[in-house]
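Student: I would like to go through this model with you, step by step. Could we begin once it is in view?

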Amino acid sequence: MASYLPSMEKVQHAVLGPRGGDKVADLQKETKEMSDKARLTTDYGVKQTSADDWLKIVNNDKTGPMLLEDPFARERIHRFDHERIPERVVHARGSGAFGKFKLFESAEDVTFAPILTDTSRETPIFIRFSTVLGSRGSADTVRDVRGFAIKFYTQEGNWDIVANNIPVFFIQDAIKFPDVIHAGKPEPHNEVPQAQTAHNNFWDFQYNHTEATHMFMWAMSDRGIPRSYRMMQGFGVNTFTLINAKGERHFVKFIFTPELGVHSLIWDEALKLAGQDPDFHRKDLWEAIENGVFPKWKFGIQVIPEADEHKFDFDILDATKIWPEDLVPVRYIGEFELNRNPDEFFPQTEQVAFCTSHIVPGIGFSDDPLLQGRNFSYFDTQLSRLGINWQELPINRPVCPVMNFNRDGAMRHTITKGTVNYWPNRFEKVKPATHEEGGYVEYAEKVAGIKARARSAKFKEHFAQAQLFWNSMSAVEKNHIINALGFELDHCEDPVVYERMVTRLADIDLGLAQTVAEMVGGEPPKEASRPNHGRKAPGLSQTEFPGSKPTIASRRIAILVADGYDQVAYSAAYAAISAGLAIPLVIGTKRSKIVAAGGAGSTTPHHHLEGFRSTMVDAIFIPGGVDSIRALSKNGRALHWIREAFGHLKAIGATGEAVDLVNKAIGLPAVSVSESAEVQDSYGVVTMRETKPGSLSEAVDIVKAGAGFMEKFFHNIAQHRCWARELDGLHSQVAY
């Protein structure tokens, strides 16, 4: 996606560091650059004279039959017919980028893995974000879990963390993978609905599979509709192990927290974006990196000594449970950033393959039954998509040396010289590595038990953490969960499904169950199925993650104009937005040149009002100008822009005559506007009727107590949403 910062030089891709560029250099061997000096060839290297006409019998008067002897045409069609590979069964819809990982605190007390102990390293990474249920062509903004898979190209081999943006999962045992995914996918008789859980089968499974209760509460929360991949937390979900140099083992969970904070869309916004801009998330990631605003995450670990495994009232190996942060604090030891977009989507983002079984010395597996199954499944699933030599593909191959006796298979690339292809051999070639040489040695875990299809006692408790999650939500988040459940169950036509789900919600909270029952037509329960324990935990509510500092960086801010706009206010706002590393998007009544009042300047909008919508931006600013505001006031779409932005709780800024336009569009007595040169901030609507030279600063410090117009406007943008509008019921009083 093109940069929207014409006033700035485009920031070049960051230098990845002394080792961080290893993967980029590795990929260069496979990368070709197109140019006007290159000439069209076949795949076997012969130059072609035409790409427009199949070889045929022809004269000036008649076109005859085409000839099958044409090798060039047959190759083009042959290649085209076989361009598609099977899409992923889950996580088919995705987007990715390259970056680097840097450790700032050694974890040598719990592991000897160099990537987690060597603070001098910079490790190249590739991250693929994804939705889970939808097909490759589905929309980005559907309600779903998001994949957050990281491939670390370490000097000891590839390490993959196949994470999600939610820390738990629907199932405890991997044998249930087919069932949970079949239930969530489109129903088998009519292939409906696409990329949605709002249907009978999904919620039938949730009721009948009580261990899913905790997870569906997370999925119905705002975590299910993230504003951006760059504003999601990531969680390894499964329990892994770390082994230190003393041979001591610790259990570990991995957590990534974004520098920009954890933020989500409004549900109405997500619904509209799915149609207006189905590529919204992948464009957002690409745009931020192209503009040099590289997304960053803190890399954290939660660690439990092996001796403490059984000291909790939940099983730490249960993937449907979190480790509450008040019991097991997160220790942030590093950070990673994404700073380079792919050169070509298919060979990089589509062909990248992640496996939970890809670990390096110092990191190990636990007996987490979901992880054990994932270790098989993720390895196995690559065969149908990519073939047996999938690890030789450029995006998947390590940057460290690879040498073994694996041979042949479809699409083998490696050529291995020598007369033996087995071990042991008489030459002692390619002998197994010792531990001292960096060889992987499994932890000598002592295991005792019986062979049975069963689960331990703690795995059978399914409701305490669902209650913990609900109790820890803010009032706004609880309201969103209620509305999400109301939407989902409203789309279930079978009364058995929504009536039973109401009783399940009573296992979590009676008030929640009664409210949802009233919305969807179920029988409101008169008493709770079990008491709510009332406990809360830190780190569950998104409100605890506003971002490392207030910023508008990478936010999209629309500037609405028509002929006769105020050039002074427009120029000051545009410059200030650009200086804050946000993206100013000029939206006009037309996309051709728009002239400022008195001919003081002109601008060519990026989009016109009908071609772009408020859902695609984070805030709007409207400069004054008598003629501009007169035109916008008569434009229904312009009024809708303002009302929709207000309903979606976004910051709105207006100066001069635009104050009256905003007041007309919103039309609520509770929202006050400026009547003078004094700045008025009312429910995130920031207005200043009288503008004077210097009253709109281009250099803005974002602080809560800022007195200037831009300071207040930018502070509201940095808060992501004006939740007070929703809490006071104002957003629902405006039609949008």
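Student: Where does histidine 91 lie?

Tutor: Before answering, note that this is a predicted model, in which local features need pLDDT of at least 70, side-chain atom pairs count only at pLDDT 80 or more, and totals for chains, interfaces and linings use all residues. Residues are numbered from 1 along each chain as its sequence is written, and side-chain values use heavy atoms, with hydrogens and water left out. Helices (H or I, at least four residues) and strands (E, at least two) are DSSP runs numbered from the N terminus. Histidine 91 lies in the loop between α2 (71-81) and β3 (94-103).

Student: Is histidine 91 buried or exposed?

Tutor: Buried means under 20% relative accessible area, exposed over 50%, and partly exposed in between, using a 1.4 Å probe and protein chains only. Because its relative accessibility is 15%, histidine 91 counts as buried.

Student: With which side chain does the side chain of histidine 91 make a polar contact?

Tutor: A polar contact is a pair of N or O atoms within 3.5 Å; within protein, one must be able to donate a hydrogen and the other to accept it, and residues adjacent in sequence count only if both atoms are side-chain atoms. At 2.8 Å, the partner of histidine 91 is the side chain of serine 130.

Student: In which strand is asparagine 164 found, and is asparagine 164 buried or exposed?

Tutor: Asparagine 164 belongs to strand β6, residues 157-164. Because its relative accessible area is 6%, asparagine 164 is buried.
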